[in-house]
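Please look at the model below before reading on.

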Amino acid sequence: MVNKIKIALADDKRYLAQEIIEKLQSYHEEIEFRFYELNGIDLLDHLKIESEIDVILMDIEMPEM
């Protein structure tokens, strides 16, 4: 069994986030998408619940953190 890379994503533009998720999953079966949040504050809150994430992809120009 291969350990998958667990990814979380934060972006305030849903259409871009969905496109990123779909492309990553279609090209890389070793990636497991865990969750998506609209901003950094929500991402940090979610990480308190689900902290076993290997990679966070994050927009650096969001309205909230």
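The points below go from the strands to the charged side chains.

1. This is a predicted model, in which local features need pLDDT of at least 70 and side-chain atom pairs count only at pLDDT 80 or more, while totals for chains, interfaces and linings use all residues. Residues are numbered from 1 along each chain as its sequence is written, and side-chain values use heavy atoms, with hydrogens and water left out.

2. Strand E1 covers residues 5–10, and five of its six residues are buried. Buried means under 20% relative accessible area, exposed over 50%, and partly exposed in between (1.4 Å probe, protein chains only). Strands (E, at least two residues) and helices (H or I, at least four) are DSSP runs, numbered from the N terminus.

3. E1 runs parallel to strand E2 (residues 31–37), with six bridges between them. Two strands count as paired if DSSP finds at least two bridges between them. E1 also pairs with strand E3 (residues 55–58), again in the parallel sense, over four bridges. Alanine 10 stands opposite methionine 58 in E3.

4. There are six salt bridges, each defined as a side-chain nitrogen of Lys or Arg within 4 Å of a carboxyl oxygen of Asp or Glu. One of them joins lysine 6 and aspartate 54 at 3.5 Å, N to O. These two residues are 48 residues apart, lysine 6 in strand E1 and aspartate 54 in the loop between helix H2 (40–49) and E3. Lysine 6 is buried at 17% relative accessible area, whereas aspartate 54 is partly exposed at 47%.

5. Lysine 48 and aspartate 45 form a salt bridge at 3.7 Å, N to O. Both lie in helix H2, three residues apart, about one turn of the helix.
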